[in-house]
Amino acid sequence: MTPPAIGPEAAAATGTEGPLRIGVIGLGVIAPFFLRAIEEDRHLRLTAGCDLDPVKLAGLPSGVARFTDHRDLLASGLVDAVVVTLPNDLHASVVTDALDSGAHVCCEKPLTVHSADARALAAVAERTGRTLFTAFHRRYNSNVDRLAAELPDRSTIERVVGRYQERIEEHTGNDRWYLDAERCGGGCVIDNGPNALDALRHVLGELTLKDAVIGDVRGGVEFCAELWLTTDDGIPVTVELDWALPTGEVKDITLHLKDGTTVTADMLAGYDGFKSSLDHEYRGIMADFRAAVAAGPSRRDDGPVVVDLVDRAYRVARAKEARLRMPSKTPAEAALVKLLFHRRGDRGMTLSPWFSRCVRAGEVHELVSTTERPSVPGQRVDAVGFLGFAEFGAATVVERGDEVRLGGKLVGVVAGFDECHFPNHYNILIETERLVTAETADLRVGDPVVFREPAS
Ligand SMILES: NC(=O)c1ccc[n+]([C@@H]2O[C@H](COP(=O)([O-])OP(=O)(O)OC[C@H]3O[C@@H](n4cnc5c(N)ncnc54)[C@H](O)[C@@H]3O)[C@@H](O)[C@H]2O)c1
């Protein structure tokens with residue numbers, strides 16, 4: 001399809017004719033930052049706005065055409081380009097309509113909820129010859145930009161941590177789509193992840209996801225997450241996302257250097273008012289969008305790359321058993337019914353392949369400490385200290401990694417199980433600093449033993 005001729009677009013590109021005519025679709029919480037940036041740029045002119053809510057439309061400056069259906073705005077002939085600031089699940093269809101109508105598009109992050117949709121949008125932009133531009137505002141943040149410009153020698157960087165943490169309710173409007181997994185696409189990973197990841201990519205270059213964990217999941221929406229990535233030259237990067245701070249926000253990037261010092265770009269430093277850093281960042285977005293339109297369709301949009309990272313993070317994290325800040329069981333309690341006082345260096349136990357074992361109420365199992373670090377199923381375990389036999393008061397699941405407390409004191413973590421005496425009992429192997437026996441731990445018959453999953 002040949003794109004319709006749009007006069008002012010060339011104008012904005014060269015600066016020789018009239019301004020680029022912009023329509024804003026979605027007039028919620030973030031739209032005012034776009035509206036101000038458009039107003040302050042003489043190469044841009046706001047000509048139309050669209051929202052389902054007439055109250056929001058009424059707030060537009062006079063002379064700006066108002067629509068409740070984005071298709072009418074696109075067909076009006078009033079815009080060369082649109083800014084899309086709709087709930088996440090609407091981005092894919094509305095951006096497709098806009099590109100197909102011949103408009104250039106600046107779309108809020110995340111470009112889409114699913115990777116396939118982001119790739120499809122890139123294809124539509126290519127087919128129509130229009131500019132597709134995802135608005136990542138943190139890459140224009142002055143403190144992030146300075147860090148990118150003054151990055152220390154990369155060989156001196158040991159690791160990098162990016163934090164994007166807030167209380168989500170302080171950043172949203174009345175519409176609760178953020179808390180609807182279908183409409184938002186998830187929680188803090190898809191909402192805050194794109195800005196954090198894009199800022200880190202701006203500073204460090206391409207990133208590859210290695211691992212991810214989500215947590216504090218409420219109604220399918222995660223309120224915290226950690227992502228582990230690496231740069232092309234092997235610098236480890238951690239992203240810490242949180243939607244559940246008591247109040248306030250933490251948004252920064254810290255380089256941990258090999259000499260023990262740190263360099264931090266605090267995105268909010270110097271911008272004391274709530275969201276006050278956004279003004280210069282959204283001016284940056286609109287100036288860059290204008291430049292992208294001028295440069296023509298050859299420019300590659302980073303939106304799909306970031307959607308891919310988010311998509312992968314969800315696939316990895318959702319496949320995991322564990323969740324952050326979500327205890328999966330109550331502590332399992334047992335009591336010592338027989339003590340053992342000896343140790344051996346040639347016991348020849350075998351680490352079983354099972355990560356966890358179910359235990360019924362009233363069952364008795366043997367507790368064995370070891371200073372070896374068995375991790376591979378079938379691994380032989382020789383250095384052991386015997387603690388005794390414990391009766392479980394209630395049915396539970398004992399798992400590798402559970403912390404073990406004897407008489408209230410943390411002695412180690414469950415390393416796994418040896419089944420040489422099964423079905424009589426399991427040997428529960430407890431990884432300890434030193435070999436521990438009932439004698440060295442000063443245990444008495446009846447002392448409590450507690451298995452607790454580690455706090456995350
Ligand atoms: N709020 C922030 O701090 C922030 C920051 C960066 C990016 N963003 C992104 O901006 C986008 C919008 O977020 P928001 O916080 O402004 O949301 P919002 O809910 O405040 O605003 C969305 C607006 O879209 C309107 N709308 C909904 N469906 C519509 C439709 N079919 N046609 C026309 N209008 C419709 C709603 O009436 C509302 O005014 C999201 O993608 C979000 O991730 C938000």
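Start at Glu39, which sits in helix 2 (residues 31-39). Helices here are DSSP runs of H or I with at least four residues, strands are runs of E with at least two, and both are numbered from the N terminus. This is a predicted model: local features need pLDDT of at least 70, side-chain atom pairs count only at pLDDT 80 or more, and totals for chains, interfaces and linings use all residues. Residue numbers start from 1 along each chain as its sequence is written.

Glu39 counts as partly exposed because it has 13 C-beta neighbours inside 10 Å. The cut-offs: buried takes 20 or more other C-beta atoms within 10 Å, exposed 12 or fewer, partly exposed lies in between, with C-beta atoms placed from the backbone. Glu39 and Leu60 are 21 residues apart along the chain, and their C-alpha atoms are separated by 12 Å.

Other parts of helix 2 are buried: Ala31, Phe33, Phe34, Leu35, Ala37 and Ile38. What do the buried residues of helix 2 pack against? Their partners are strand 1 (20-25), strand 2 (44-50), strand 4 (81-84) and helix 11 (278-295). Contact means C-beta atoms, placed from the backbone, within 7 Å.

Now zoom out. The chain splits into domain 1 (7-137), domain 2 (139-274 + 301-319) and domain 3 (332-452). These bounds come from an automatic or database domain assignment. The centres of domain 2 and domain 3, taken over C-alpha atoms, lie 40 Å apart.

Last, the ligand. It is surrounded by 25 residues, and the closest are Gly26, Gly28, Val29, Glu108 and Gly173. A residue qualifies if its C-beta atom, placed from the backbone, lies within 6 Å. Domain 1 and domain 2 each supply at least three residues of this shell.

Technical notes. Two residues are in contact if their C-beta atoms, placed from the backbone, lie within 7 Å.
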